[in-house]
Amino acid sequence: MTGFWARLLGREPVPDAVADALAGSEAVVATAQAPDGMLVVTSWGIWPPGGERLGWHEIAKATWDKVSLVVTPTSAEQIAPGTELLVDGRPLRFRLVEPGKVPQAVQERVTQSIRSRNRRELPGGGVWVLQRRVPGRDGLVLQVRPDPGTDPVAARRLAEGIAARLPEEP
């Protein structure tokens with residue numbers, strides 16, 4: 001639903017491409033206009049202007065600097081079923097004309113996706129070991145996210161060791 005009807009019914013305006021791609025149980029939480037299109041925040045993730053959904057479990061961090069929402073996405077390598085080794089991607093900056101509820105909604109949902117977090121020190125830095133909820137799926141995924149500069153071999157060994165100690169899925 002876009003434009004006039006969305007405003008009349010008190011709903012957030014959503015680009016047709018996003019509205020058509022939403023999952024059945026995915027709800028729009030907030031929207032904000034960016035120079036290159038609409039940023040849509042849903043119960044499952046962020047839809048950047050003209051892009052694909054970035055799930056809450058795929059976001060390392062999100063910050064708001066009073067002008068722009070800065071989101072650091074991750075890419076995941078599956079180490080074992082339910083265990084991933086993450087690498088931070090290039091931060092995405094969205095300059096929002098009128099941010100409304102977007103910064104708060106993003107911060108809350110990134111934080112809520114994390115069920116537990118533990119810090120481990122390794123050569124060159126450390127890693128965060130996270131258990132996160134994946135929107136639209138039951139259960140949790142275990143993620144190992146190294147700090148920049150952390151020895152990648154040590155981070156991989158840690159992820160493999162953790163995966164080896166987890167019970168096998170039925």
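Student: Why does S113 count as buried?

Tutor: The relative accessibility of S113 is 2%, and buried means under 20% relative accessible area, exposed over 50% and partly exposed in between, with a 1.4 Å probe and protein chains only, so S113 counts as buried. This is a predicted model, in which local features need pLDDT of at least 70 and side-chain atom pairs count only at pLDDT 80 or more, while totals for chains, interfaces and linings use all residues. Residues are numbered from 1 along each chain as its sequence is written, and side-chain values use heavy atoms, with hydrogens and water left out.

Student: What makes the link between the side chains of S113 and R132 a polar contact?

Tutor: The two side chains are joined at 2.8 Å, and the term requires a pair of N or O atoms within 3.5 Å; within protein, one must be able to donate a hydrogen and the other to accept it, and residues adjacent in sequence count only if both atoms are side-chain atoms. Leaving aside neighbours within four places in sequence, S113 is in contact (heavy atoms within 4.5 Å) with W56, Q131, R132 and R133.

Student: How many bridges join β10 to β11?

Tutor: Seven bridges join β10 to β11 (residues 140-146), and these strands run antiparallel. Here R133 stands opposite L140 in β11, while in the hairpin, with six residues between the strands, G136 takes a positive phi near 85°.

Student: Why is K66 called exposed, and what is its phi?

Tutor: K66 has a relative accessible area of 72%, which is why K66 is called exposed. Its phi is near 80°, a positive value in a residue other than glycine. Most residues other than glycine have a negative phi. K66 lies in the loop between β5 (59-64) and β6 (68-80).

Notes:
Helices (H or I, at least four residues) and strands (E, at least two) are DSSP runs, numbered from the N terminus. Two strands pair if DSSP finds at least two bridges between them.
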